[in-house]
Amino acid sequence: MTTTDFQRARSPEAKQQREDAILEAARVLGAQHGIRRVTLTDIAEAVGMHKSALLRYFETREQIFLRLTAAGWRDWSLAVRAELAALSETSPAGVARALAATLAARPMFCDLLAQAPLNLERNVSLEAVRAFKLVTLDEVGAIGAALRSALPRLTERDAVDIIAAATSLSGALWQMATPGPAVEALYRSDPRLAHAVVDVEPRVTRMLTGMIAGFLA
């Protein structure tokens with residue numbers, strides 16, 4: 001789509017198409033380069049817009065990525081609830097694996113989970129933060145209900161804490177697991193640094209298994 005195409009669009013449908021195109025461009029760039037490295041100019045160029053024109057649709061780059069984080073919560077929520085409903089082993093280990101596997105399968109969401117509280121929520125309007133938090137509140141409630149259905153002895157607070165641990169750990173460990181090619185090569189070249197090479201899914205699974213077992217004890 002060209003800059004002219006964007007300038008000529010007037011209808012609500014065209015405006016929605018613009019927003020969707022901006023979000024998709026940011027998603028692709030974020031997946032390719034990591035959220036921290038993507039600038040507003042990068043996104044504008046990817047959709048054929050001037051940076052000033054893009055700001056008519058999103059107040060900052062952080063708002064764009066916060067919207068993608070909200071979409072990521074909805075996507076992960078659907079996936080993990082389906083996994084929990086299909087579990088043949090409703091044990092701490094089985095539940096932990098479902099949480100960890102569905103998060104590890106979404107690397108960009110893990111990146112966004114780490115960036116949201118550190119950066120994305122800090123350079124947007126209060127209304128943007130409110131909209132984002134309401135999405136997460138809804139999805140945490142839905143996932144929490146699925147957790148308590150799988151493991152009825154969990155309390156509502158237990159379920160919320162498990163979700164918080166799963167998302168926080170996955171976000172933080174994903175950052176550690178993707179230090180960049182040069183640093184990763186350094187870690188792998190020196191046996192003394194082998195501990196710095198992080199495999200997110202098994203580590204999150206192990207930690208969540210212990211947490212859930214403790215809640216049930």
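A residue is called buried when its relative accessible area is under 20%, exposed when over 50%, and partly exposed in between (1.4 Å probe, protein chains only). By that rule, Trp-73 and Trp-76 are both buried. The model is predicted, so local features need pLDDT of at least 70 and side-chain atom pairs count only at pLDDT 80 or more, while totals for chains, interfaces and linings use all residues. Residues are numbered from 1 along each chain as its sequence is written, and side-chain values use heavy atoms, with hydrogens and water left out.

Trp-73 and Trp-76 form an edge-to-face aromatic pair, 5.7 Å centre to centre with 70° between the planes. Rings of Phe, Tyr and Trp (its six-membered ring) pair if their centres lie within 6.5 Å; planes under 30 degrees apart count as stacked, over 60 as edge-to-face and the rest as tilted. The two Trp residues are about one helical turn apart because they sit 3 residues from each other in helix α5 (residues 61-85). Helices are DSSP runs (H or I, at least four residues), numbered from the N terminus.

Trp-73 also pairs edge-to-face with Phe-109, at 5.9 Å and 85°. Phe-109 lies in helix α7 (residues 107-118), so this pair ties together parts 36 residues apart in sequence.

Charged side chains make further links. A salt bridge is a side-chain nitrogen of Lys or Arg within 4 Å of a carboxyl oxygen of Asp or Glu. Arg-81 and Glu-139 meet in one, at 3.9 Å from N to O. Arg-81 is in helix α5 and Glu-139 in helix α8 (residues 126-150), 58 residues apart. Arg-81 is partly exposed, at 29%, whereas Glu-139 is buried, at 12%.
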